[in-house]
Structure formats: structure tokens, C-alpha cells
Amino acid sequence: MPATAAAKIPPEERLVNLVVALIATDQGLTKDTILTSVAGYREQSEAGASKDALEKMFERDKESLRGLGVPIETIGDWADPDDLREARYRVPSAEYELPEDIEFTPAELALLTLAGGVWSESSLSDDARSGLRKIRALGDLVDEPIIGFSPRLSLRDPAFPALQQAIESSRVVTFPYLKPGEAAPRTRRVQPLALVEYEGRWHVFGIDLDVHADRTFLLARIVGPIAVTRASFDPALREGAGDRALAGLEEVAARNSALLEVNPGTEAALRLARRAQPAEQGIRVPYVDVHIFADELASYGPEVRVVEPADLRDRVIDRLAAARDLHGGIA
């Protein structure tokens, strides 16, 4: 297999393949089996990647998945559970199995089919397509499509693949980054250490070489291509970087919270509930970035009202007013 074949499996698809493989096994898979069998690792192995590099990739992938809430279980020797020399890994099927008596209505199956259609067929591997076929194998219970088209969504930030590859190869990157309130983007030069998802958004955590300090950048604010340079850095810097990044984001969120009144049963209530705490006058929701959070709250329209802080409330009102003016003042 040509060495370039390994690049055909995007990092996020490798993570999906790993989850599928770990769910599909009851006994667990050894690290060697994973590295030689699971799509994404197998191609890297066949292209000549060292075992040490593949094992480090696997360890980072495990850390990423656990950070996203995937419960990866480590199983030791049957006779001595503490002996992890031949450890096996799995995702307990009970965490994801549907109840045996569950049934789907035709409309619900139509929604499942539509959700599968969001994924562009050209972007799926054979393994991912087989997963979609299993959903369709539930039976042809849908009388007709519930809508006449399938939306095409970007399921990842464009910067994600290049940053993931730079992290894996320990290479310095540069990229244009636009902060709110600035007229033009500034070029950042960063040693990327980890990609983390927080509040449904991807961030890259690393060392900003221009200020010689740890920084976390929102991928949505990277407004141009990622340039991967020839400059390298010590791979040891990546150890524990994901945990440090999440801890930093959680610390920021702990200092910033909004008191919201949300209409029950709405999309806003559903989406905000998972990160909210009940309050006397509604719910209190922590947030990291006031601009991003204002965008989110404004998108819910009349479903949510900001009680405090005033700065957040003013930003949401400004966005709603701008949307009103864009549509000619129609209420």
C-alpha cells in the first residue's frame, strides 16, 4: 500500500472507527489488534509508521474519546486483573444498546434516515457506510420521505484535520485568528498540543510562541488555512494537554454564568438543560465566551430571556435587532 494511503482516513473518522470496534467486542481488543485491524491505524501501520508512534496515537485517541464521554473500559488478565501487560479495551455495550422492546414509528425512522443522509456518501468509509446500512436494515417502514431534500452540513471545522496531523507530528503551525472587536485577523504561531470539544465547539490548546504562554483558540475563529511548518517541538509537551485545556475552559466558565428564563419544552430548554443548574428565577448556565454565547442565545429567539449579566443581555438584544433590521423590520 502506498505511504500516502494513510492520509485518506481523517483523524475524526479514525475515532469513529475505534468506537465502533470497541463497541462490537464483548471480550475486548488488545492494543496490537487495534493497531493492525482498525481503519485509520491499520493504514498508518502498513505505510511504515513505528509501533511507538501508533501506540502514542492510540493513547491520545483514548484520551480524546474519554473526554467526549465515551466509556472505554480496560480489562486486565483474567487471573490477575491488575496485570495490564496484555490489556484489552472495549466500550461496554450496555452503555449504547437500545432496549429490546423499543419500536420506531415511520416518522421516527424517516428522521433516522434523514440523519444518515446528512453525511455525504463521498466522505464515508466502507466501515461507516455499513453502519448506515444496519440502520436501514430495520425494515422499509417509511411510507414516504418527510421532506424532499437532505441537508448537507459541515460536521467538523475545516481547521480540524490539519491541526490533528500537526499535533500527531509535533509540528508548529501558523494560522490567521480573528478575535471579536478586531478589524483584521492576526497570525498566530502555535505549538498545538491538544484538540478538545467544549460546549459543543472545538478548541485547539497549545503554546503561543509569540507570548510564550498556554493559549486556547476557538476553531471557528480561525479564518484561513492552517500552515504546518517544519519546526518541531518535544512530543512530551502533549502529555496531559487535553486535561489541562478542559480544566482551563471549565475555570473560565466557572467565573462566568448567565441567569436565564427559558420557555419549557422548547429547543432552547433542551439544549441548555444539559449544562444548566436550577435557579430561583430560571436556570443558571456557565459560559466561556460572551460573544459565542450571545450568538447561541439569539438563535433561540423568544424561547429564552437573559436576566443577567447586563453585558450578555445587551449583546443578545443587539443581535436580535440586527436580524430584525436585516429583514426589513418585519416582526
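Trainee: Which backbone nitrogen does the side chain of Thr25 reach?

Mentor: That of Gln27, at 3.4 Å. Keep in mind that this is a predicted model.

Trainee: Where does Thr25 lie?

Mentor: In the loop between helix H1 and strand E1, the strand being residues 29–30.

Trainee: Is Thr25 buried or exposed?

Mentor: Its relative accessible area is 12%, and buried means under 20%, so Thr25 counts as buried.

Trainee: What does Thr25 touch, leaving out residues up to four places away in sequence?

Mentor: Tyr89 and Arg90.

Trainee: Back to H1. Which helix is Leu18 in, and what are the residues of that helix?

Mentor: Leu18 sits in H1, which covers residues 11–23. With a relative accessibility of 0%, Leu18 counts as buried.

Trainee: What is Leu18 in contact with, neighbours within four places aside?

Mentor: Ile34, Val38, Tyr41, Phe58, Asp61 and Leu65.

Trainee: How many residues apart in sequence are Leu18 and Arg90?

Mentor: They are 72 residues apart in sequence, and their C-alpha atoms are 9.6 Å apart in space.

Trainee: Now H1 and H4. At what angle do their axes cross?

Mentor: At roughly 80 degrees, and the axes come within 11 Å. H4 is made of residues 51–67.

Trainee: Why are they called roughly perpendicular?

Mentor: Because angles from 65 to 115 degrees count as roughly perpendicular, and H1 and H4 cross at roughly 80 degrees.

Trainee: Which residues meet there?

Mentor: From H1, Arg14, Leu15, Leu18 and Val19; from H4, Met57, Phe58, Asp61 and Leu65. By class, the contact of H1 with H4 has 6 nonpolar residues, 2 charged ones and no polar ones.

Trainee: How many bridges pair E5 with E6?

Mentor: There are 8 bridges, in the antiparallel sense, between E5 at residues 186–198 and E6 at residues 201–208. One of the bridge pairs links Leu195 to Val204 in E6.

Trainee: What about H7: which of its residues are buried?

Mentor: H7 spans residues 160–169, and its buried residues are Phe160, Pro161, Leu163, Gln164, Ala166 and Ile167.

Trainee: What do those buried residues pack against?

Mentor: H1 and the strands E4, E5, E6 and E8, with E4 at residues 171–177.

Trainee: Which residue just after H7 takes a positive phi?

Mentor: Ser170, at about 55 degrees.

Trainee: Last, the overall picture. How many helices and strands does the protein have?

Mentor: It has 11 helices and 12 strands. Of the 331 residues in the protein, 35% are buried. Among contacts with a separation of 6 or more, 60% are between residues 24 or more positions apart.

How values were computed: Residues numbered from 1 in each chain as written. Predicted model: local features only at pLDDT ≥ 70, side-chain atom pairs only at ≥ 80, totals over all residues. Heavy atoms only, no water. Pairing = 2+ DSSP bridges. Helix = DSSP H or I, 4+ residues; strand = E, 2+ residues; numbered from the N terminus. Buried < 20%, exposed > 50% of the residue type's maximum accessible area, 1.4 Å probe, protein only. Contact = heavy atoms within 4.5 Å. Axes fitted to C-alpha atoms, helices over the stretch in contact; angles between N-to-C directions. Parallel < 35°, antiparallel > 145°, perpendicular 65-115°, else oblique. Nonpolar A, V, L, I, M, F, W, Y, C, P; charged D, E, K, R; others polar. Polar contact = N/O pair within 3.5 Å; in protein donor to acceptor, adjacent residues only side chain to side chain.
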